[in-house]
Amino acid sequence: MVDDDQRVRDALVGMLNSAGHRTDDAGSGQEALAKLEHAPFDLVFTDLSMPEMDGWAVASEVRRRWPGVKVVLITGYAVPPELVATHRDLVSDVIFKPIRFDDLTSTLTQVLS
């Protein structure tokens with residue numbers, strides 16, 4: 001779970017853990033990439049709007065270095081469907097804030113199946 005807002009990370013990690021998933025979190029794209037270098041992950045949730053390295057940059061780097069890892073973009077902003085469609089090679093899905101538990105679990109099921 002990559003988000004520069006600690007409260008958002010804590011909430012989403014709590015949801016993922018309660019759904020039975022093992023999770024790790026990072027406060028920046030660079031921190032997430034460092035963690036990916038040292039442990040295997042199936043999926044990365046990343047916030048879109050972060051300083052220094054936004055969610056698109058995180059997704060691009062994850063895809064380049066770990067092509068088997070799925071990426072889900074999280075955002076509180078409207079993202080035009082055509083933008084997601086043109087970046088389908090980078091992200092498996094987009095979730096919009098505020099995120100409900102059901103949104104998170106259905107996205108997990110869809111992306112990991």
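Reply: The discussion below takes up a pair of helices and then the nonpolar cores of this predicted model.

Me: How are two packed helices described in general?

Reply: The description rests on the angle between the two axes and on the distance that separates them. In this model, helix α1 (residues 6–18) packs on helix α5 (residues 101–112) at an angle of about 60 degrees, and their axes are 10 Å apart. That angle makes α1 oblique to α5, because the roughly perpendicular class covers 65 to 115 degrees.

Me: Is the crossing of α1 and α5 left-handed or right-handed, and which residues make the contact?

Reply: The two helices cross in a right-handed sense. From α1, the contact takes L12, M15, L16 and S18, while α5 supplies F101, L104 and L108. By class, the contact residues comprise 6 nonpolar, 1 polar and no charged.

Me: What tends to happen to nonpolar side chains in soluble globular proteins?

Reply: They tend to be buried together. Here the largest nonpolar core has 20 residues, of which V62 and V91 touch the most other members. Two or more residues come from each of α2 (29–38), α3 (55–65) and β2 (70–75), and α3 gives the most, with 4 residues.

Me: Which residues does V91 contact, leaving aside its neighbours within four places in sequence?

Reply: With those neighbours set aside, V91 is in contact with W56, A59, V71 and L73. Another core, of 14 residues, lies apart from the largest one; its members include L12, I74, I99 and V111. L12 also takes part in the contact of α1 with α5.

Key: Residues numbered from 1 in each chain as written. Predicted model: local features only at pLDDT ≥ 70, side-chain atom pairs only at ≥ 80, totals over all residues. Heavy atoms only, no water. Axes fitted to C-alpha atoms, helices over the stretch in contact; angles between N-to-C directions. Parallel < 35°, antiparallel > 145°, perpendicular 65-115°, else oblique. Left-handed = near helix turned anticlockwise from the far one by under 90°. Contact = heavy atoms within 4.5 Å. Nonpolar A, V, L, I, M, F, W, Y, C, P; charged D, E, K, R; others polar. Core = buried A, V, L, I, M, F, W, Y, C linked by side-chain atoms within 4.5 Å. Buried < 20%, exposed > 50% of the residue type's maximum accessible area, 1.4 Å probe, protein only.
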